[in-house]
Amino acid sequence: MKPVVRIKQPIYTEMELFEKKFHESMSSKVSLLNRITYYIVNRKGKQMRPMFVFLVAKMVSDGKVNERTYRGASVIELIHTATLVHDDVVDDSNRRRGFFSLNALWKNKIAVLVGDYLLSKGLLLSIDNDDFDLLKIISVAVREMSEGELLQIEKARRLDITEEVYYEIIRQKTATLIAACCALGACSVKPGSEEIEKMRKFGELIGMAFQIKDDLFDYGEERIGKPTGIDIKEQKMTLPLIYTLNNCSDREKRWLINSVKNHNKNARRVKEVITFVKESGGLEYAEHKMKAFQQEALQLLTDYPQSDYREALELMVNYVIDRKK
């Protein structure tokens, strides 16, 4: 059985109902919008984020969920989808999960407006139901994601990123949304409890491991939907590269920075950089850090009694770093 199917088993019923509620939460009186949202719904990914919401909610409350849990899952998926739509416009990307992106089919103007629409629908879903505690969790995540992206752009221009700054970028850019999923799950069933912060931390640790795994794909041989070396071409400072820059001679450092800054479109030079990072132990170092985040996340789950939900979350944590794409 595939890992994702096994993870979904204890929340299969909830995910089926969620699909229906999520589709309803997107509806509009504008037929063009409905056509586009129908396209989005039918090309969904693995839906890991709603899965986190339901699994955490059920783990911390002896298997119970409520309407707030469904709303929390819908809000997070609406916000996540909005950020993906906007990302494709920013990156001028024509594909998303193997299908045409919205901006490729309907052009940038419509894609940006659809992203804004999804964002506002998510926020209103919380406001209309007085879920202000859930709204706060989501709003903090949106703010941090924007800050993380802008911090990365700022640092990419100068290539002066330290390991600490890198962790701050990935915490905001990637980990904060997974952290919000887990916090929402706990908050939906146990508002005001200590579980919320504990589960937020759990999600953050998984998010950190997830992003480092993504960094490692840039140096891998597997076909994962994005070509090797794309981060270098985009001047993104990832952990294997940062480690190598901090542990090589001044001459090698100058060559590396010059390669990333001025020769990032040269395929041969990018390949040389990848080889140098591999030979310098950059991948091993990043893997070691990724596993440290993974173990810290798993440790947080030991405070809870054994259950199908805890087991599924443990599977999820392991899947994050064992996945092939």
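These legends walk through several close-up views of a predicted model.

View 1. Let us begin with R171, a residue of helix α8, which covers residues 163-189. Is this arginine buried or exposed? With a relative accessible area of 17%, R171 is buried, because buried means under 20%. The side chain of R171 makes a polar contact, at 3.0 Å, with the side chain of E168. Once neighbours within four places in sequence are set aside, the residues in contact with R171 are E144, T176, E204 and M208.

**View 2. The salt bridge between E144 and R171.** Here we stay with R171 and look at one of the contacts named above, E144. The two side chains meet in a salt bridge, with 3.0 Å from N to O. E144 belongs to helix α7 and R171 to helix α8, so this pair ties together parts that lie 27 residues apart in sequence. E144 counts as buried, at 11% relative accessibility, and R171 is buried too, at 17%.

**View 3. The salt bridge between D133 and R68.** Which residue forms a salt bridge with D133? The partner is R68, and the closest N and O atoms are 2.9 Å apart. This pair links distant parts of the chain, 65 residues apart: D133 sits in helix α7 (residues 132-158), while R68 sits in helix α5 (residues 67-90). D133 is partly exposed, having a relative accessible area of 30%, whereas R68 counts as buried at 17%.

View 4. E195 is buried, with a relative accessible area of 18%, whereas K190 is partly exposed, with 30%. Elsewhere, salt bridges that share partners join R143, E144, E168, R171, E197, R200, K201 and E204 into one network. How many salt bridges does a search of the whole structure find? The search finds 17.

**View 5. The second largest pocket.** Next we turn to empty space. Rolling a probe the size of a water molecule over the atoms shows where such space is left. The second largest pocket holds about 210 Å³ of space. It is lined by 13 residues, and those closest to its centre are K213, L216, E287, M290 and I321. Which elements give two or more residues to the lining? They are α9 (195-217), α14 (282-301) and α15 (308-322). The largest share, four residues, comes from α14. Sorted by class, the lining of this pocket has seven charged, five nonpolar and one polar residue.

Note on methods: Residues are numbered from 1 along each chain as its sequence is written. This is a predicted model: local features need pLDDT of at least 70, side-chain atom pairs count only at pLDDT 80 or more; totals for chains, interfaces and linings use all residues. Side-chain values use heavy atoms; hydrogens and water are left out. Buried means under 20% relative accessible area, exposed over 50%, partly exposed in between (1.4 Å probe, protein chains only). A polar contact is a pair of N or O atoms within 3.5 Å; within protein, one must be able to donate a hydrogen and the other to accept it, and residues adjacent in sequence count only if both atoms are side-chain atoms. Contact means heavy atoms within 4.5 Å. On a 1 Å grid over the protein atoms alone, a cavity is a set of points where a 1.4 Å probe fits but cannot get out, and a pocket is an open set with protein on both sides within 12 Å along at least five of seven lines; lining residues have an atom within 4 Å of a point. Grid points are joined across faces, edges and corners, and a volume is the space filled by probe spheres set on the points. Ala, Val, Leu, Ile, Met, Phe, Trp, Tyr, Cys and Pro count as nonpolar, Asp, Glu, Lys and Arg as charged, and the others, Gly among them, as polar. A salt bridge is a side-chain nitrogen of Lys or Arg within 4 Å of a carboxyl oxygen of Asp or Glu.
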